[in-house]
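Me: I am new to reading protein models. Please take me through this one in short questions and answers.

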Amino acid sequence: MRARSIRKREGLSKSRALQHALYRSAKQDPQRRFHALYVQVYRRDILDRAWQEVRANRGAPGVDGVSIADIEASGVGGFLDQLAADLGAQTYRPAPLRRVDIPKAGQPGATRPLGIPCVRDRVVMTAAKIVLEPLFEADFLPVSFGFRPRRSAHDACEVIRVEANRGRDWVLDADVRDCFGSIDWDALMAQIERRVSDRAMLKLLRAWLRVGVLEGGVVTDMVSGTPQGSPISPLLCNIAMHVLDEAWQERHRRLGVLVRYADDLVVLCAGRERAEQARQQVAAILAELGLQLHRDKTRIVCLTRGAQGFDFLGFHHHKVASRRRPGRWYLHRWPSDRAMRSVRAKVKEMTGRSQLSRPARDVVSDLNCRLRGWGNFFCWGNSAKKFWNIDAYVYERLERFMRNQHGHRGRYGRRCFYDDYHSLGVYRLSGTQRYGIPVHAWR
């Protein structure tokens, strides 16, 4: 079905009509390889949409130092016209990535390397993602949840809850060592070539994989992996990990239920022996992609009668005895210890001595944004107790902050703070829990 007819019938924009047409074509013919994709990347409507997505992310500049604000000041239209001309003439070349080490949430002292592309490269990568994503989305299986349209971390957690309540009490909690940085290029390109025959598009993807990283004034060549931090990396990761999804569904489904979110995965099994076999099979399949399981972080967990629990996607999953039905145990989830440490550290930073010069209302406004975002993610589940703990910690930190602002020897007492606390409108997590699906349901 042509994109124009889809757009006319469903009232879609040109770019989304193209995505729908590509998806339906790929879904109807699983063996079809697509050509003439590169010319879609530099279509003006595709580039316009890619620019809007890059702009919304508010990313930092790359090695050229050009920021989003700089491009807006000089003119977005001219920037996109020049980019389209370079792509059309096939003179576009990506710049090296800027290496940035960011701290890992909840792990003091630990960092994670990111490769930051230039804004110009990010726009082209996003445009290529818009064109390529429908082709591979038609092939991706229901066991995959990460970085996919209309599939979220909460959907993955719900599958885990349902399967655990059905009696799959042995869980392979697997951790892939440096997934983004270790994916074998040949294996990845082989998967892409199953759907893409356009040589110009394949050349563009290879250029992004081979681009070096600028660190300390020296460009270091990459020999494997896809840079974590670029807009197209999550899609490339899913394409590579689809090998695991496909092999599991075809050959190892009897061992247990696989749930994967990008490079994080668990397998829920009915017995310990099957969980051990699942670990061996997962390791063997990942080896084909140049990946391996982290020996220290991969473990087998027993959920029976709350014996153990595991962390996945920021939640701690643990079986809890039912108060209404004696002898029954149901899987609950709440923010993990790592997630709790992370939000506590942020609250402490936002109410520290470095903020004493700011008005209390401004501090509370920023704090409310942080708490609301954190709470919106963790409100699905059994987080009431954890939410109460965070509310108590926020109260304690704000009381200390207000006392420091007024001076410890002043007359600012508990009653004064109590009145100010309520007048400032501090966001409270308690009472915001949502139970869209009954947490005790036995399915």
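Me: In which loop is the place of serine 336?

Reply: This is a predicted model, so local features need pLDDT of at least 70 and side-chain atom pairs count only at pLDDT 80 or more, while totals for chains, interfaces and linings use all residues. Residues are numbered from 1 along each chain as its sequence is written, and side-chain values use heavy atoms, with hydrogens and water left out. Helices (H or I, at least four residues) and strands (E, at least two) are DSSP runs numbered from the N terminus. Serine 336 sits in the loop between β11 (329–335) and α14 (337–350).

Me: Is serine 336 buried or exposed?

Reply: Buried means under 20% relative accessible area, exposed over 50%, and partly exposed in between (1.4 Å probe, protein chains only). Serine 336 has a relative accessible area of 4%. Therefore serine 336 is buried.

Me: Which residues does serine 336 touch, not counting those up to four places away in sequence?

Reply: A contact means heavy atoms within 4.5 Å. With residues up to four places away left out, serine 336 touches Asp311, Gly314, Phe315 and His316.  Phe315 also belongs to a cluster of ring pairs. So the answer, by the contact rule, is Asp311, Gly314, Phe315 and His316.

Me: Which residues do ring pairs link into a cluster?

Reply: Rings of Phe, Tyr and Trp (its six-membered ring) pair if their centres lie within 6.5 Å; planes under 30 degrees apart are stacked, over 60 edge-to-face, and the rest tilted. By this rule there are 9 aromatic pairs. Tryptophan 374 and phenylalanine 387 form a tilted one, 5.9 Å centre to centre with 50 degrees between the planes. The cluster holds Phe315, Trp374, Phe377, Phe378 and Phe387.

Me: Which helices hold tryptophan 374 and phenylalanine 387?

Reply: Both tryptophan 374 and phenylalanine 387 are buried. They are 13 residues apart, and their pair links distant parts of the chain. Tryptophan 374 is in helix α15 (residues 360–378), and phenylalanine 387 is in helix α16 (residues 384–406).

Me: What is the phi of alanine 262?

Reply: Most residues other than glycine have a negative phi. Alanine 262 is in the loop between β6 (257–261) and β7 (264–269), and is buried at a relative accessible area of 3%. It is not a glycine, yet its phi is positive, at about 60 degrees.

Me: How many Å separate the C-alpha atoms of alanine 36 and arginine 199?

Reply: Alanine 36 lies in the loop between α2 (14–28) and α3 (38–41). Alanine 36 is partly exposed, with a relative accessible area of 37%, and has a positive phi of about 55 degrees. Along the chain, alanine 36 and arginine 199 are 163 residues apart. Their C-alpha atoms are separated by 9.1 Å.

Me: What radius of gyration does the protein have?

Reply: The radius is taken over C-alpha atoms, and the globule rule is 2.2 Å times the number of residues to the power 0.38. For 443 residues, a compact globule would come near 22 Å. The protein's value agrees with that: 25 Å.

Me: How many helices and strands are there?

Reply: Of the 443 residues, 49% count as buried. The C-alpha atoms fill a box of roughly 70 × 60 × 50 Å along the principal axes. The secondary structure comes to 17 helices and 11 strands.
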